[in-house]
Every structure is written in C-alpha cells, then in structure tokens.
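The sequence and structure come first.

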Amino acid sequence: MIVDHIDALRDAVDKTRRRYPFVIDAVVVLPDHIHAVWTLPPGDADFSLRWRLIKSRFAQALPKQDRTSNVRKTRGERGIWQRRFWEHLIRDEADYANHVEYCYINPIKHDLVARVRDWLYSSFHRDVRAGIIPEDWAGGVHAIGEFGER
C-alpha cells in the first residue's frame, strides 16, 4: 500500500520537484492510487516525465515483495502502479475547484473515512492551515501536513 511507504513517496516527489519543478495544488494519497492537481512552469507540459520519475523512484525505494504478472516481469515493471495516468487540462477556476475538491473528497468516496479531516494523506490539511479552505469544510481540523506529516 502506498500510504505504508509515505516517506518514500515524499522523497520521490521532492527529488523530482528539485530537478523538474512543479507546484502541488492538491494531492491525496490513497492506499492504491494518488490524485493530484499540479501547476507546471510556463511552457512546460511534461507531466509524464514527472510521474515516471516519481513512480520509478518510489518503486526503487521499496523492497521487491509485490506480486508481479509475467507481462510486467517481462517489461521490467513492478505491480505497484497503474501503467498510465489521467491528465486533464484545467479549463477555468470552476474546473480547478472541482478537481481540488475531488482530491479532498476521494477518501470518503472510497469508504476510507467518514470525514475529509480524518484522512491523513491529503493537502486538505495544508490548505486549511493556509486559510484557503474553511476549517469546517466537510469536517473538522487536525494539524497534518501535505503528505500526512504532523
């Protein structure tokens, strides 16, 4: 599960951001997938490179205990990640807000928690502290960081 190795994920993201900058507007890390809204530098649209590096660095940091299909073994892949990701160009502020809120509500959608505030691995907590989102939006407040650090 990805959340069991959150420090490795943080490290993979940090290393990737140092070499290929991007802003994490919203993120939620779930047990088996991630939702994120990023802003890349002007003139740069290479989401694929960043995701490939994050996935690769994360996978390299983990012990090789996952079950892997023969197809993935042949391709040198691990069973941690989906092969693809869904990319969406944000159209306007309403679309942006919808995607950020989708990140935040996703743990509830997957029946992981009853309230957004109860999921540790979300930038929801960072945005509450920054005053971007109200403290009572879909629940209360905890002092938790972007990737679940306290």
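## A charged pair in helix H1

Arg10 and Asp7 form a salt bridge, with their closest N and O atoms 2.3 Å apart. The model is a predicted one, and the distance is computed from its atoms. Both residues belong to helix H1, where they sit three residues apart, about one turn of the helix. An α-helix has 3.6 residues a turn, so residues three or four places apart point the same way.

Arg10 has a relative accessible area of 15%, which is under the 20% limit, so Arg10 is buried. Asp7 reaches 55%, which is over 50%, and therefore counts as exposed.

## A second pair in H1

Lys15 makes a salt bridge with Asp11, and here the closest N and O atoms are 3.1 Å apart. Lys15 and Asp11 are also both in helix H1, four residues apart, about one turn of the helix. Lys15 is partly exposed, at 38% relative accessible area. Asp11 is partly exposed as well, at 36%.

## Helix H1 and what covers it

Helix H1 covers residues 6-19, which makes 14 residues.

Thr16, in helix H1, has a relative accessibility of 0% and counts as buried. A polar atom of the Thr16 side chain lies 2.8 Å from the backbone oxygen of Ala12. Apart from neighbours within four places in sequence, Thr16 is in contact with Phe22, Arg50, Leu53, Ile54 and Arg57.

## The nonpolar core

The largest nonpolar core has 33 residues, and the members that touch the most others are Leu9, Val29, Trp38, Ile54 and Tyr104. At least two residues of this core come from each of H1, E1, E2, H2, helix H4 (93-109) and helix H5 (124-129).

Which residues does Trp38 contact, leaving aside its neighbours within four places in sequence? They are Phe22, Val23, Ile24, Asp25, Phe47, Arg50, Trp51 and Ile54.

## Other salt bridges

The whole structure contains seven salt bridges. One of the others joins the side chains of Asp127 and Arg126, at 2.9 Å from N to O. Asp127 is at 4% relative accessibility and counts as buried. Elsewhere, Arg115, Arg117 and Asp118 are linked in a network of salt bridges. Side chains of opposite charge can pair when their charged atoms come close.

## The chain as a whole

The chain has five helices and two strands. Starting at the N terminus, the order of elements is α-β-β-α-α-α-α. The chain has 150 residues, of which 43% count as buried.

Among contacts in the chain with a separation of 6 or more, 50% are between residues 24 or more positions apart. The accessible surface of the chain is about 9,200 Å², and carbon and sulfur atoms account for 51% of that area.

How values were computed: Residues numbered from 1 in each chain as written. Predicted model: local features only at pLDDT ≥ 70, side-chain atom pairs only at ≥ 80, totals over all residues. Heavy atoms only, no water. Expected span 1.5 Å × (residues − 1). Core = buried A, V, L, I, M, F, W, Y, C linked by side-chain atoms within 4.5 Å. Buried < 20%, exposed > 50% of the residue type's maximum accessible area, 1.4 Å probe, protein only. Contact = heavy atoms within 4.5 Å. Salt bridge = Lys/Arg side-chain N within 4 Å of Asp/Glu carboxyl O. Polar contact = N/O pair within 3.5 Å; in protein donor to acceptor, adjacent residues only side chain to side chain. Areas by Shrake-Rupley, 256 points an atom, 1.4 Å probe, with all protein chains shown as cover.
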